[in-house]
Amino acid sequence: EIPPTDFTLGIDTPAEVAARAQRASRFPALKIKVGGPSDLETLEAVRAVYTGILRVDANTGWQPESGAKLIPELVRLGVELIEQPFPAHQLAQLRWLQERSPLPIVADESAVWIHDLEGLVGVVDAVNVKIMKCGGIGPGLAMMRRAKELGFKIFLGCMEESSVAIAAAATLASLADWVDLDGNLLLARDPFAGLVLGDDSRWQLTDAPGLGVHRRVD
């Protein structure tokens, strides 16, 4: 079964992020972009208006000591995971934080290709696989299978992408522990149609040819 997708909220004032969280309350999980002085205030504001799962994406913006101090607060607020707190090649920092965190640290910029996985064993508990970064459905499948062999949890992610890319990634979603396939929902106008998000926030794969999407004509 395909896990439900979360919905991503970008960095803004705590009040604005909380307002967006209210508007996105249909989703069972929200991914909150952080990496600044208002991180805790933002998460507190979101939690005040949203009862679902919270995921945190620091986008390489944390420092080790301050990040470690935040972790007990994240646990208190019901955060499920922490994505890429430090720059891509700072594996020693990632290991240091994972050793101090009951929450899984998810490598994103540190886990671009299948060849990155071996070096992350014992460093983080989870990896983010993005088919637009690793080379498509085939390389993505291989990367996910190898990640499972190595004992990682898998976060299937995306960037701001059309429904073509999201539909392609959705074909692999049943292998993921968490799904972050909302890139097409962040576009002002998706040039493709046909991909359906169910009321349960799960992407619905169809028997239509190819990926089941078509170019908009309007």
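# Briefing: an eight-strand parallel sheet

Eight strands form an open sheet with parallel pairing, in the order E1-E2-E3-E4-E5-E6-E7-E8. Its edges are strand E1 (7–9) and strand E8 (178–179), each of which pairs on one side only. The model is predicted. In total the chain has seven helices and twelve strands. Its radius of gyration is 17 Å, close to the 17 Å that the globule rule gives for 218 residues, so the chain is as compact as a globular protein of that length.

**Whole chain**

- The C-alpha trace spans about 50 × 40 × 25 Å along its principal axes.
- Of the 218 residues, 49% count as buried.
- The accessible surface comes to about 9900 Å², and 53% of that surface belongs to carbon and sulfur atoms.
- Among contacts between residues at least 6 apart in sequence, 61% join residues at least 24 apart.
- There are 21 positive and 29 negative side chains in the chain. The centres of these two sets lie 1 Å apart.

**Strand pairing in the sheet**

- Strands of a sheet pair through backbone hydrogen bonds, in either a parallel or an antiparallel sense.
- Strand E3 (residues 53–57) pairs with strand E4 (residues 79–83) in the parallel sense, over three bridges. Within this pair, Val-56 has Ile-82 in E4 as its bridge partner.
- Strand E5 (residues 105–107) and E6 are also parallel, and two bridges join them. Here Ala-107 stands opposite Val-127 in E6.
- E6 is joined to strand E7 (residues 153–156) by four bridges, again with the strands running parallel. Ala-126 has Lys-153 in E7 as its bridge partner, and Val-127 stands opposite Ile-154 in E7.
- E7 and E8 run parallel and are joined by two bridges. The bridge partner of Leu-156 in E8 is Val-179. E8 is an edge strand, pairing on one side only.

**Side chains of strand E6**

- In a regular strand the side chains alternate between the two faces of the sheet.
- In strand E6 (residues 126–129), Ala-126 and Asn-128 point one way, while Val-127 and Val-129 point the other way.
- All four of these residues are buried, on both sides of the strand.

- Most residues other than glycine have a negative phi.
- Asn-59 is not a glycine, yet has a positive phi of about 50°. Asn-59 lies in the loop between E3 and helix H3 (64–76). With a relative accessible area of 29%, Asn-59 is partly exposed.
- Gln-84 is not a glycine either, and has a positive phi of about 35°. Its place is in the loop between E4 and helix H4 (91–100). Gln-84 has 0% relative accessibility, so this residue counts as buried.

- Glu-1 is found in the segment before E1. At 76% relative accessibility, Glu-1 counts as exposed.
- Beyond its neighbours within four places in sequence, Glu-1 is in contact with Ser-174 and Arg-202.
- Arg-20 is in helix H1 (residues 14–23). Its relative accessible area is 26%, so Arg-20 is partly exposed.
- Not counting residues up to four places away in sequence, Arg-20 touches Leu-9, Gly-10 and Asp-12. Of these, Leu-9 falls within edge strand E1 (7–9).
- Glu-1 and Arg-20 are 19 residues apart along the chain, and their C-alpha atoms are separated by 28 Å.
- Arg-20 and Ala-193 are 173 residues apart in sequence, with a C-alpha to C-alpha distance of 24 Å.

Note on methods: Residues are numbered from 1 along each chain as its sequence is written. This is a predicted model: local features need pLDDT of at least 70, side-chain atom pairs count only at pLDDT 80 or more; totals for chains, interfaces and linings use all residues. Side-chain values use heavy atoms; hydrogens and water are left out. Two strands pair if DSSP finds at least two bridges between them. Buried means under 20% relative accessible area, exposed over 50%, partly exposed in between (1.4 Å probe, protein chains only). The radius of gyration is taken over C-alpha atoms; the globule rule is 2.2 Å times the number of residues to the power 0.38. Contact means heavy atoms within 4.5 Å. Accessible areas come from the Shrake-Rupley method with a 1.4 Å probe; for residues, only the protein chains shown count as cover. Lys and Arg count as positive and Asp and Glu as negative; His and the chain ends are not counted. The place of a charge is taken as NZ of Lys, CZ of Arg, CG of Asp or CD of Glu.
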